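Hi,

Here is the structure I promised to pass on. Have a look at it first, and my notes follow below.

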Amino acid sequence: MDTQEVSAIQRRRSSKASRILSFQINTSNSQFPNLEILPKMSTKKEIAEKRIKQLHLTPGTIFMNRWSIEGMIGSGGYGQIFLAMDTKKNEVRAVKIEPKMRMEMITKRMIMEMDVMLKMQGKQHVPLVYSSGYNNEFNFIVMQLLSENTGDIRKRSPAGRLSKETVGRIVYQTVNALKDIHEMGYVHRDVKPANICFGCHQQNRHILYLLDFGLLRRFKTDAGIRKPSRPNAGFKGTERYVSVRVHEKLEQTPWDDLFSVMYSAYELVVGEVPWRHLEDVEEIHAVKKLMNELNNNGEMFKDSASVLIDFHKMLVELDPNVDPPYEKLMNCAKVMYQPKELNDLYDWDEGFKLTLSDEKD
Ligand SMILES: Nc1ncnc2c1ncn2[C@@H]1O[C@H](COP(=O)(O)OP(=O)(O)OP(=O)(O)O)[C@@H](O)[C@H]1O
């Protein structure tokens, strides 16, 4: 990318985001952020639409005397995520904030998230944490800034879906990310496209990062023994992406995270899951059970979904209480993304041309 191209991209981006990042753009080194997939800062209208009554931090605030808050880039049921500038190092960061009190109760979700993220530092698919802690009002984590999440990238792709070459590599890397988490004795319990991002710098733009460690739970003891299952483990996760076992309130195991990978991949490669328009949770459960009937699910695995047949079959045939064969699952994803390599261009690097050419056929 030369200086002219960078300027053109900058002009297309919101002027504020470009201003924030312009200090870093130096085409003579390969460190500059990938502007095309940086997370967008929410406009006032989007914030209102998300019914967020109040921003926890307003742009212009210098949080903890160090991080200059530029705007909100994401929010979930618990936290808000801000684009911030580290005023000491002159580098961009993401700051995740959660109020310490919620409905007069002390919130612990982010305390646990910090703890797990710190334990996992050094794992390839876990974002770098620069600082974490709390002040009088908030728990916070200052972490590596990542790209727009893959759910939002899919939504803005012209065909509303991603190519099998890109989704295969997302599956491969997500299974690898989960392998690390599971090997440390945790299940993630909220795998979904909104929690999957890529790096936004030249050197990590094809590395996938898994986000949101707030729902993790230990399924193995420190000695590596599976913990006894609770008779009713409750429903934890996001309705659209949880496995049939989670609908049945069974204790989650790595198997359930892998099913969430499968449903996420289905949505990314097809554009939607078969239960996208269903509101009744029992109906969603019923369709997911039907999908698992290997002799009866042909309708759900035709056209662009057909690339997931083998991966899905492999999962259905696994025992949820036995450690999954990660390498076999990753090899299955490899078949999906060939002839590409992990470090070749992804859909967003090449103007989504693979899905656009599919549409024309
Ligand atoms: N480090 C980051 N860099 C860029 N964007 C991020 C980062 N962390 C989070 N986001 C964005 O913010 C969104 C919400 O983040 P996250 O899932 O961590 O919040 P949450 O409050 O825990 O959400 P939920 O209620 O779904 O559990 C993500 O989907 C992603 O788009």
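In the side chain of Asp-212, an N or O atom comes to 2.5 Å from an oxygen atom of the ligand. That counts here as a polar contact, meaning a pair of N or O atoms within 3.5 Å (pairs within protein also need one atom able to donate a hydrogen and the other to accept it, and residues adjacent in sequence count only if both atoms are side-chain atoms). The side chain of Lys-96 also has an N or O atom 2.7 Å from a ligand oxygen, while Gly-76 uses a backbone N or O atom, 3.4 Å from an oxygen of the ligand. The protein buries 93% of the 630 Å² that the ligand exposes when taken alone (Shrake-Rupley areas, 1.4 Å probe).

Before you go further: this is a predicted model, where local features need pLDDT of at least 70 and side-chain atom pairs pLDDT 80 or more, while totals for chains, interfaces and linings use all residues. Residues are numbered from 1 along each chain as its sequence is written, and side-chain values use heavy atoms, with hydrogens and water left out.

Now the wider shell. There are 23 residues around the ligand, with Gly-77, Lys-96, Arg-109, Ala-194 and Asp-212 the closest (a residue is near if one of its heavy atoms lies within 4 Å). By class they split into 10 nonpolar, eight polar and five charged (Ala, Val, Leu, Ile, Met, Phe, Trp, Tyr, Cys and Pro are nonpolar; Asp, Glu, Lys and Arg charged; the others, Gly among them, polar). Domain 1 (44–144) and domain 2 (148–360) each give at least three residues to the shell, with bounds from an automatic or database domain assignment. Strand E2 supplies the largest share, three residues (strands are DSSP E runs of at least two residues, helices H or I runs of at least four, numbered from the N terminus).

Two backbone details to check. Asp-212 has a positive phi, near 65°, and is placed in the loop between strand E11 (208–210) and strand E12 (217–218). Gln-338 and Pro-339 are joined by a cis peptide bond, omega about 10°, and Pro-339 belongs to the loop between helix H11 (326–337) and helix H12 (353–360).

Cheers
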